[in-house]
Amino acid sequence: MLALSNDHDPGQLGDLLRDAPAATAGLISDVIGGACRRFPSAGQTAKTARIEQLIETGAWTDVALALIDLELPQWQVRRIVYDQGEWHCALSRQRELPEWLDQSIEAHHADLPLAILSAFVDAQRISAPSRRTSVPAVPHEANALYEPVLSDNFA
């Protein structure tokens with residue numbers, strides 16, 4: 001089992017991936033610890049075991065694709081392209097739509113697994129449940145300058 005750490009926020013994780021020259025077991029562990037909410041999955045032990053086996057063998061591209069399959073089942077790889085020394089990866093929720101209508105996530109990196117992982121982290125950040133409530137919060141402490149005022153019209 002991997003030693004997981006949850007000390008990376010998605011912004012830091014994106015910077016870490018962008019600055020890394022190549023995928024490593026430590027970097028994959030940081031991505032899993034910082035972006036994966038379902039790993040290890042009790043209900044999907046076969047997928048979890050497969051990811052752990054891929055990490056042990058160093059199959060970083062397969063690890064990235066398996067993490068997308070486990071963590072973001074509604075997202076699919078729309079496009080992987082190598083252009084001028086960089087890999088470009090696009091993930092999409094609706095791959096059948098024309099590209100100009102689709103709201104896909106795109107990332108690029110010189111290393112293919114890191115391009116896929118960067119797109120994965122961005123999609124995970126967008127798919128994360130909002131921590132804000134739909135109703136604005138009201139401060140619980142009253143300011144000393146405010147006093148209650150009776151405003152009924154008694155005339």
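## Exercises on a predicted model

Among contacts in the protein (heavy atoms within 4.5 Å) between residues at least 6 apart in sequence, 55% join residues at least 24 apart. The model is predicted, so local features need pLDDT of at least 70 and side-chain atom pairs count only at pLDDT 80 or more, while totals for chains, interfaces and linings use all residues. Residues are numbered from 1 along each chain as its sequence is written, and side-chain values use heavy atoms, with hydrogens and water left out.

**Exercise 1.** State the secondary structure of the protein and its order along the sequence.

Solution. Helices (H or I, at least four residues) and strands (E, at least two) are DSSP runs, numbered from the N terminus. The count is five helices and three strands. Along the sequence they follow the pattern α-α-α-α-β-β-β-α.

**Exercise 2.** Describe how α2 and α4 are placed relative to each other.

Solution. Two packed helices are described by the angle between their axes and the distance between the axes. Axes are lines fitted to C-alpha atoms, for helices over the stretch in contact, and angles run from 0 to 180 degrees between N-to-C directions. The axes of α2 (residues 25-35) and α4 (residues 60-71) come within 12 Å and cross at roughly 10 degrees. Therefore α2 is roughly parallel to α4; that class takes angles under 35 degrees, against over 145 for roughly antiparallel, 65 to 115 for roughly perpendicular and the rest for oblique. From α2, Ala25, Ile28, Ile32 and Ala35 meet Trp60, Val63, Leu67 and Glu71 of α4. By class, this contact has seven nonpolar, no polar and one charged residues. Here Ala, Val, Leu, Ile, Met, Phe, Trp, Tyr, Cys and Pro count as nonpolar, Asp, Glu, Lys and Arg as charged, and the others, Gly among them, as polar.

**Exercise 3.** Classify Arg78, Ala20, Pro73 and Gln84 as buried, partly exposed or exposed.

Solution. Buried means under 20% relative accessible area, exposed over 50%, and partly exposed in between (1.4 Å probe, protein chains only).

- Arg78 is in strand β1 (residues 76-83). Its relative accessibility is 19%, so Arg78 counts as buried.
- Ala20 is in the loop between α1 and α2. With a relative accessible area of 14%, Ala20 is buried.
- Pro73 is in the loop between α4 and β1. Its relative accessible area is 49%, so Pro73 is partly exposed.
- Gln84 is in the loop between β1 and β2 (86-92). At 78% relative accessibility, Gln84 counts as exposed.
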